[in-house]
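Welcome! Have the view open as you read.

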Amino acid sequence: MEKFVIKGGKALFGEINVSGAKNAAVAILPATLLAKDVFVIENVPDIRDINSMLQILEEMGAKVNYITRSTVRIDTRHIDSKAVPYELTKNLRASYYLIGALLGMYSNAKVAMPGGCNFGGVRPIDLHLKGFSALGAVISTEGGMIMAKAPGLVGASIYFDKVSVGATINVMLAAVKARGVTVLENAAREPHIVDLANFLNLMGANIKGAGTDVIKIEGVSDLHGCDYSIIPDQIEAGTYMVAAAATQGDLTIKNVIPKHLEPISAKLRECGAIVEEYDDAIRVYATGRLHGCNIKTMPHPGFPTDMQPQFTVLLALCEGISIVTDSVWDNRFRYVDQLTRMGAQIQIEGKAAIVQGSAVLKGAPVRADDLRAGAAMIIAGLCAKGTTEIEDIIHIDRGYEDVIPKLTAVGATIARREFPDDNSVAKRA
Ligand code: EPZ
């Protein structure tokens, strides 16, 4: 098995370049199925989730060629499959976007139930399916496959009972070619929703209001290929911002949109870190002991749940008690057990974590329970005395491009190493 091995206790100094946004790319790549044409997409991150999505498109008949490491040419003119088996979707949560895209293009989709990050709990897709039904699709499930079929989709007014990134994206994909007007109310407002809408509009769609909670989609009959550059990854940037503050370092994080980072910047400033914004870069540094603050995750523009584990590590090091509440996911504190092994003092009470600050973290063998939990373990390892070994790094590889070279270049001692399989935290526990 592969692990990350970190020798902690070094502040990070220098510059880090952020890659393209995973959660925008996993929506934009399936959106290419909505036209039989050629696309050139830039700023595509080289990470497992994206490679899985590209592989799925290839299996369906698309031609995928890399022009550079981050620029991909996708030719969807010869798509010959509208069914996506479990073998391909089991490692990728966002494979459910193939339902929306196939339904939008062919009024017919058959996609295996998605796998991916679970946080140990259930991740429902009822809101996605409710949206498809409102557009006229008949949904059924059989043998782990979701089938969606319609004689022809028709625009509708859809109110989401809960703000959902995935449902907003999926229903947008399905509605973009539907007859008439679709209005999505209580829609998610994340930067990747706006990015997808911009991409679809460049393909010839007519979408207004993305970035607000009401999105209006006027169906069009034809879409075409385009060239597009994906936005920078808000969460990758935020992770390095927190790493700068937690290690008492000074990082300039480049290729970012500072506006997308505002909720993270605001909380870092509340802790006493200095955050300087530039046109497409952000500098974060700490000049002394930081103090804790309370965090409550919310849909955008609130504090992102995908930054909750990383920020909790910082709060464990800050002075004072902090309360972290996750109001988006019910089960996102599993990683706390691993942090406790390193010396953090955190108690879970319902949807909140009570973080007793001023922890002195010590290196330990730990596990990356999921993608952002893994990012939190890296930050903890960077701040800990001694050596931290992180296993299950497959989760980290799903979402962070070049994490080892990027961190090494700013002074971290971190490496990817091969270990025998019986050297696992789970087996030793
Ligand atoms: C997206 O997941 C992201 N994934 C997640 O990031 C992120 O944590 C989440 O949005 C919230 O920001 C991708 O973009 C691929 P939701 P998604 O639908 O779309 C409930 C990461 O680390 N809900 O906005 O699945 C759900 O249970 C990943 O990069 C329903 O009840 O999240 C949750 O409580 C992890 N029914 C809340 O809504 C539904 O049909 C928000 O989920 C759908 C969701």
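A residue is called buried when its relative accessible area is under 20%. By that rule, both Phe 199 and Tyr 228 are buried. Please keep in mind that this is a predicted model.

**Two helices side by side**

- Helix H1 covers residues 22-31 and helix H7 covers residues 191-202; they pack with their axes 9 Å apart, at an angle of about 25 degrees.
- Angles under 35 degrees count as roughly parallel, and H1 and H7 are therefore roughly parallel to each other.
- The crossing in which H1 passes H7 is right-handed.
- On the H1 side, the contact is made by Asn 23, Ala 24, Ala 27, Ile 28 and Ala 31, while H7 brings His 192, Asp 195, Leu 196, Phe 199 and Leu 200.
- Sorted by class, this contact of H1 with H7 has 7 nonpolar, 2 polar and 1 charged residues.

**Ile 169, in helix H6**

- You will find Ile 169 in helix H6, which spans residues 165-175.
- Ile 169 has a relative accessible area of 0%, so it is buried.
- Setting aside neighbours within four places in sequence, Ile 169 is in contact with Ala 27, Tyr 97, His 192, Ile 193 and Leu 196.
- Ile 169 and Thr 71 lie 98 residues apart in sequence, and their C-alpha atoms are 23 Å apart in space.

**Thr 32, in a loop**

- Thr 32 sits in the loop between H1 and strand E3 (38-42).
- Thr 32 counts as buried because its relative accessibility is 0%.
- Not counting residues up to four places away in sequence, Thr 32 touches Phe 39, Ile 41, Leu 57, Ile 74, Thr 76 and Phe 199.

**Aromatic pairs**

- The structure holds 5 aromatic pairs.
- One of them joins Phe 199 and Tyr 228, an edge-to-face pair at 5.4 Å centre to centre, with 75 degrees between the planes.
- This pair links distant parts of the chain, since Phe 199 is in helix H7 and Tyr 228 is in strand E14 (residues 227-229), 29 residues apart.
- Phe 303 and Phe 311 also form an edge-to-face pair, with 5.3 Å centre to centre and 85 degrees between the planes.
- Phe 303 counts as buried because its relative accessibility is 5%, and Phe 311 is buried as well, with a relative accessible area of 0%.
- Ring pairs also link Phe 39, Phe 199 and Tyr 228 into a cluster.

Note on methods:
Residues numbered from 1 in each chain as written. Predicted model: local features only at pLDDT ≥ 70, side-chain atom pairs only at ≥ 80, totals over all residues. Heavy atoms only, no water. Helix = DSSP H or I, 4+ residues; strand = E, 2+ residues; numbered from the N terminus. Buried < 20%, exposed > 50% of the residue type's maximum accessible area, 1.4 Å probe, protein only. Contact = heavy atoms within 4.5 Å. Axes fitted to C-alpha atoms, helices over the stretch in contact; angles between N-to-C directions. Parallel < 35°, antiparallel > 145°, perpendicular 65-115°, else oblique. Left-handed = near helix turned anticlockwise from the far one by under 90°. Nonpolar A, V, L, I, M, F, W, Y, C, P; charged D, E, K, R; others polar. Phe/Tyr/Trp six-rings, centres within 6.5 Å; stacked < 30°, edge-to-face > 60°.
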